[in-house]
Structures are given as structure tokens and as C-alpha cells.
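Visitor: I am new to this structure and would like to be shown around with care. Could we look at it together before I ask anything?

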Amino acid sequence: MKKCILSGLMIFCVLMLSVTITQAVPVKESTFTTGDEGWSTWSTGVVTGFSQNSTGGNPGGYISATDSSDSTWFFMSPLSWGGDWTPYIGGTIEFDIKTIQNDASQNYMSSIVTVVLDLGDPGDGMFIGWFSDINPPIGTWTTYNVEISESNFQVIGSPLPFNEAIQQVKMIGFLGDYLHGQTDTSCLDNVRVSPVPEPAAMLLLGSGLVGLFGLSRKFKKG
Ligand SMILES: [Ca+2]
């Protein structure tokens, strides 16, 4: 009986610790459930209709805006997302994009900057960028998962190397413009920045297993 309880306890502990390891808790998150959470847009031209919508997201609320000019535009986080992003190196940026095309066929764009970690004001050309060939399909939510690493991002317009530039992030932005010269709407949901899983959790798992093994032996002896 004791053995049975102990086995159950061990499985439970391993499961709990596995969850801790594989699901790093996001340090920054916007799901737009009840509002725009301080997000906005930046554009080289004019973007209209920026709003939070309470249904139709992935799931629930989301934000959207419409570009009816030939501008390039981004969804921009509030300034509270800025700071020293060094602790997030090795972690991930996740976000969901949906494009709603109002006319013509989607333009294919290759190697376009899709995620910007702005180092100054939006549009001043100083940023850390993730360039993508991924064009989200029209009308469905597409989830992006981007690792925050030096090999994945390029520092643009700043002489600083990646490890120093990432200490000065002002805000994060996501490309909204996937169609040039046409009226198009883009939607954003589920923005999450997660650090790399804590080594402490791994250590905890190791010491936990050793501890349980010891306990198991003690029970067997008894
Ligand atoms: Ca949502």
C-alpha cells in the first residue's frame, strides 16, 4: 500500500516538475480580452480603424487595423514592454496574425522584417529585427514562434552588437502590412514573451528525484 502511494506521489511530482520545465511562464503577455492593453500602430503612411474587437480572436478579443495606402505598418506594444531583454535571450516571442484581404491577391513578400525590437522611436531605423519569409494565409489565424537569439535576429541601424543592443529595447512591434497598394486589414492576438525555462526548475527535478529515490529506499527497508 505504502509502495503504491509512493509510486503515485513520484509520478505526480515528475509530472508537476515537467510542466514547470516545458512551459516557461510568459513575462509579457497580451491577449486583448477586454481592451487594447496600450497597443497602437505605427505607419509610414496612414493606418485607420485601429481597435480592439471583443470576439473573433484566437480566442476572444484581438486588435486590428486597416491600411488603405501603400504604407508599411506595425502593431506596437506599450512602452512598458521595453527594458533590458537580456534575461529573455534563449526564450521565445509568440504571436498570432490574421490578415483580411479586401481586394486583389496577396502579395508575396520575402525576407521582410516581421518582428522589431525598437531601440529608439519607431521609424528611426534603429531596431533588432526578425526577418521572415512566412506570409500568413488569408482569413485564418497563424501562430508564429520566434526564438530570441543572436542568430535569429539582426541589429539594424545601431553599431551595438546584439548582446548590448538587447539591453535597450524600447518596445516591440509586429508587422501588420502584408499587402502593398491595396486596402487590407490585419489582426493580432496572443502576444507572449517567455524566458528560457529556469535552470532552477531542472535542478529541482534532479534533486526531487534523488530525494524520492532515497525515500523509496527508506520505505522498502521499513
Ligand atoms: Ca484573444
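What follows is a short exchange of questions and answers.

Guide: This is a predicted model, in which local features need pLDDT of at least 70, side-chain atom pairs count only at pLDDT 80 or more, and totals for chains, interfaces and linings use all residues. Residues are numbered from 1 along each chain as its sequence is written.

Visitor: Is Ala-65 buried or exposed?
Guide: Ala-65 lies in strand β4, residues 62-67, where strands are DSSP runs (E, at least two residues) numbered from the N terminus. A residue is buried if 20 or more other C-beta atoms, placed from the backbone, lie within 10 Å of its own, exposed if 12 or fewer, and partly exposed in between. Because Ala-65 has 23 C-beta neighbours inside 10 Å, this residue counts as buried.

Visitor: Which strands stand at the edges of the open sheet of six strands?
Guide: The order in this sheet is β2-β5-β11-β7-β8-β10, with antiparallel pairing, and two strands pair if DSSP finds at least two bridges between them. Each edge strand has a single partner, so one side of it is left without a neighbour in the sheet, and these strands are β2 (40-43) and β10 (154-156).

Visitor: Which residue in β8 stands opposite Asp-118?
Guide: Strand β7 (residues 112-118) and strand β8 (residues 127-132) run antiparallel and are joined by six bridges. Opposite Asp-118, the residue in β8 is Phe-127.

Notes. Helix = DSSP H or I, 4+ residues; strand = E, 2+ residues; numbered from the N terminus.
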